[in-house]
Amino acid sequence: MQVTARPYAFALDPARVALVVIDMQRDFIEPGGFGDSLGNDVARLKAIVPTVASLIALFRRHALPIIHTREAHQPDLSDCPPAKRLRGAPGLRIGDAGAMGRILIAGEPGNAILPELAPLPDEIAIDKPGKGMFWATGLHERLQAMGITQLVFAGVTTEVCVQTSMREANDRGYDCLLIEDATESYFPAFKAATIEMIVAQGGIVGWATPLASLASALEAGHG
Ligand code: TIU
């Protein structure tokens, strides 16, 4: 099944594809979380929530696998390198007490995925200590066991956790398709540049397309 995309059509195989929704957590999207502590305007990320919800609904409707990620650290910070915790001069550091609990700590209210995008019990939800979804998660082995060779990407932020995860996936042999209206950055220019660098050079990292293109291919393909 062909999905109109840049730099050329993406040959989607519904038997081998999974959706990856990166870090749609309160920590990045609501005031008082990690993104806010770094000095970002978090409000602009909220705009993609309905599109991400539609993308998740599309995969659920077609009974295709969905992986949700959370950027999260253990309460004892044993999986948070000092190089990450001590970088810069944020108002609050990872592990400090914030308005939604401890910043970027697993199990805290602020670390949860937004309720409207919450994983269902039969979907995979992973905590990742890094920006990329493969570092210290065991996810590659789980995807291989499922026979997944293609990944559709959504989530935040485009140039940090989404792009890092996409590049990690590309190096592991997955064909990667970014849904460009289901991802967002605190920096509009970084989102635009990330999409351009992904599709440049014949798709050096992967493909990009709006949700409507993926939806029309899947709906046509399944009758
Ligand atoms: N700061 C920023 O843009 N992003 C992150 O720290 N993590 C994710 O992208 N999830």
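A residue is taken as buried when its relative accessible area is under 20%. By this criterion, Leu-211, Ser-213, Leu-214, Ala-215, Ala-217 and Leu-218 are the buried residues of helix 8 in the present structure, which is a predicted model. The cover over these residues of helix 8 includes strand 1, helix 3, strand 8, strand 9 and strand 10.

Helix 3, which contributes to that cover, comprises residues 49-61. The 13 residues of helix 3 reach 18 Å from the first C-alpha to the last, close to the 18 Å expected at 1.5 Å a residue. Val-49, Thr-51, Val-52, Leu-55, Ile-56, Leu-58 and Phe-59 are its buried residues. An α-helix has 3.6 residues a turn, so residues three or four places apart point the same way. The buried residues of helix 3 pack against strand 3 (17-22), strand 4 (66-71), strand 8, strand 9 and helix 8 (211-221). After helix 3 comes Ala-63, with a positive phi near 55°.

Helix 7 spans residues 188-203. In helix 7 the buried residues are Lys-191, Thr-194, Ile-195, Ile-198, Val-199 and Gly-203. Helix 6, strand 9 and strand 10 are included in what covers them.

A search of the whole structure finds five aromatic pairs. One of these is formed by Tyr-8 and Trp-207, whose ring centres are 5.4 Å apart and whose planes are at 75°, an edge-to-face arrangement. Tyr-8 belongs to the loop between strand 1 (2-3) and strand 2 (10-11), whereas Trp-207 belongs to strand 10 (residues 207-209); the pair therefore ties together parts that are 199 residues apart in sequence. Tyr-8 has a relative accessible area of 45% and is partly exposed, while Trp-207, at 12%, is buried. Together with Phe-10, Tyr-8 and Trp-207 make up one aromatic cluster.

Phe-134 and Tyr-174 form another aromatic pair, which is stacked, with 5.8 Å between the centres and 20° between the planes. This pair likewise links distant parts of the chain, 40 residues apart. Phe-134 lies in the loop between strand 7 (124-128) and helix 5 (139-146), and Tyr-174 in the loop between helix 6 and strand 9 (175-184). Phe-134 counts as buried because its relative accessibility is 7%, and Tyr-174 counts as buried at 3%.

In the loop between strand 1 and strand 2, which contains Pro-7, the peptide bond from Arg-6 to Pro-7 is cis, with omega near 5°. The bond from Val-156 to Thr-157 is also cis, with omega near -15°. Thr-157 occupies the loop between strand 8 (150-156) and helix 6.

Positive phi values were found in loop residues other than glycine. Leu-104 has a positive phi of about 60° and is located in the loop between strand 6 (101-102) and strand 7. Ala-136, with phi near 60°, is located in the loop between strand 7 and helix 5. Leu-104 is buried, with a relative accessible area of 0%, whereas Ala-136 is exposed, with a relative accessible area of 55%.

The largest pocket has a volume of about 390 Å³. Its lining consists of 21 residues, and Phe-34, Leu-38, Glu-71, Lys-131 and Val-160 are those nearest its centre. Helix 2 (34-37), helix 4 (82-85) and helix 6 (158-171) are the elements that give two or more residues to this lining. By residue class, the lining divides into eleven nonpolar, three polar and seven charged residues.

How values were computed: Residues numbered from 1 in each chain as written. Predicted model: local features only at pLDDT ≥ 70, side-chain atom pairs only at ≥ 80, totals over all residues. Heavy atoms only, no water. 1 Å grid on protein atoms, 1.4 Å probe; cavity = no way out; pocket = protein on both sides within 12 Å on 5 of 7 lines; lining within 4 Å. Points joined across faces, edges and corners; volume = space filled by probe spheres on them. Helix = DSSP H or I, 4+ residues; strand = E, 2+ residues; numbered from the N terminus. Nonpolar A, V, L, I, M, F, W, Y, C, P; charged D, E, K, R; others polar. Phe/Tyr/Trp six-rings, centres within 6.5 Å; stacked < 30°, edge-to-face > 60°. Buried < 20%, exposed > 50% of the residue type's maximum accessible area, 1.4 Å probe, protein only. Expected span 1.5 Å × (residues − 1). Contact = heavy atoms within 4.5 Å.
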